[in-house]
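Dear colleague,

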Amino acid sequence: MAEVTLEDVQRILDQHRGGSTTIADFKPLHRTGFEIFTPTKSYAVTVDDGTSYILKATPPASAASVTYAPNTLATEHALLKLLSSQTGIPHPTIHTLDTSHNIVPFSYLLLSHPRGVTLSAARASGKLSPRQAALLDLRTGAYLKQLHDVQNDWFGLPSQEHDALYSWQEAFTPLLEGLLEDAQKAGIDLPYEDVRRYLSRAIGFFLFDDCEVPSLVSFTGDEDAIFVDFDLEKGAPGGEDEEIAVTSFASFSHALWGDPLLETMLLNPSDAFVEGYGGPLIVFGRQKTKRLWYNIFLSLVVVLQGKKSGETENEKVKWAMEMLHKSVAALKDAPCY
């Protein structure tokens with residue numbers, strides 16, 4: 001898809017606002033988290049009255065058969081509406097979704113721009129007090145628990161709604177096997193015979209079927225996808241003793257119905273985050289093994305999507321390659337019981 005032009009944005013906002021709109025600023029959003037690994041492009045738009053928007057644009061869905069693909073804008077739209085109806089999780093206001101291509105030659109989702117900056121940027125500024133950092137961990141852990149309390153009757157990607165997958169192992173393992181096959185075809189160096197043997201052992205022990213209820217999992221949500229009410233120059237609005245509000249939580253480009261432990265935010269959570277969530281999800285050895293498989297799943301998604309988008313030198317791709325080899329090596333002696 002070609003870059004979105006100022007003329008495209010003008011047509012979209014004129015349609016949405018019902019008249020001529022003066023655009024004060026329009027620029028691509030530089031995304032740094034796992035959300036970057038999608039075909040969707042995001043833009044920040046500000047109009048002359050100070051209203052700010054995020055415009056998400058995506059090319060038509062490919063007709064090619066793929067094992068795993070990020071969610072469409074229509075799916076993201078539906079999940080945001082679900083959050084509004086079932087949780088108190090903060091997220092951008094939905095303005096409009098258009099997949100008709102009548103106004104512009106691409107599908108788009110227009111959202112409000114969350115106030116503040118990403119949580120990762122706030123941490124990197126060095127201006128969060130220890131108390132503020134701990135309170136943010138408590139709050140984000142609690143929001144993640146709210147997200148996982150949104151539940152469903154079936155497992156899998158939102159696009160698999162009609163596949164009647166009522167077992168997480170039945171839903172997850174074909175996705176993982178498909179990614180392994182794609183990785184092998186792409187020439188990614190892995191001991192595939194060993195990995196498939198380890199996976200057969202996990203399946204034989206029903207490793208993944210201790211998840212019985214499908215939860216809404218953002219999957220790739222991280223601190224780059226969480227916005228907080230914070231100024232990089234001035235700090236928090238009320239000073240260093242003031243609790244900082246979360247203005248937007250997680251992203252849903254890769255969200256699915258599955259095991260809460262799949263969540264990227266649970267890779268290395270702080271004690272305060274775990275307390276906010278309500279307790280740890282890893283208690284037994286087999287759950288540590290399951291998390292290794294989820295590390296592999298995430299890493300394969302990042303590496304393969306990075307290849308498709310030409311982001312092979314991205315820091316997240318380098319991290320994913322390291323995590324992939326580290327997790328595969330750890331599987332050799334990992335318990336499945």
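How are α5 and α8 oriented to each other? This is a predicted model, in which local features need pLDDT of at least 70 and side-chain atom pairs count only at pLDDT 80 or more, while totals for chains, interfaces and linings use all residues. Residues are numbered from 1 along each chain as its sequence is written, and side-chain values use heavy atoms, with hydrogens and water left out.

The axes of α5 (residues 168-185) and α8 (residues 285-309) come within 10 Å and cross at roughly 45°, where axes are lines fitted to C-alpha atoms over the stretch in contact and angles run from 0 to 180 degrees between N-to-C directions. The two helices are therefore oblique to each other, given that angles under 35 degrees count as roughly parallel, over 145 as roughly antiparallel, 65 to 115 as roughly perpendicular and the rest as oblique. The contact (heavy atoms within 4.5 Å) includes Trp168, Phe172 and Asp182 of α5 and Trp293, Tyr294 and Phe297 of α8.

Helix α5 also packs with α6 (residues 192-204), at an angle of about 175° and with the axes 12 Å apart, so α5 and α6 are roughly antiparallel to each other. Among the residues making this contact are Gln169, Glu177 and Glu181 of α5 and Tyr192 and Arg196 of α6.

Finally, 26 residues line the second largest pocket, and Glu35, Ile54, Asp224, Ala225 and Phe227 lie nearest its centre; a pocket here is an open set of points on a 1 Å grid where a 1.4 Å probe fits, with protein on both sides within 12 Å along at least five of seven lines, and lining residues have an atom within 4 Å of a point.

Best wishes

How values were computed: Helix = DSSP H or I, 4+ residues; strand = E, 2+ residues; numbered from the N terminus.
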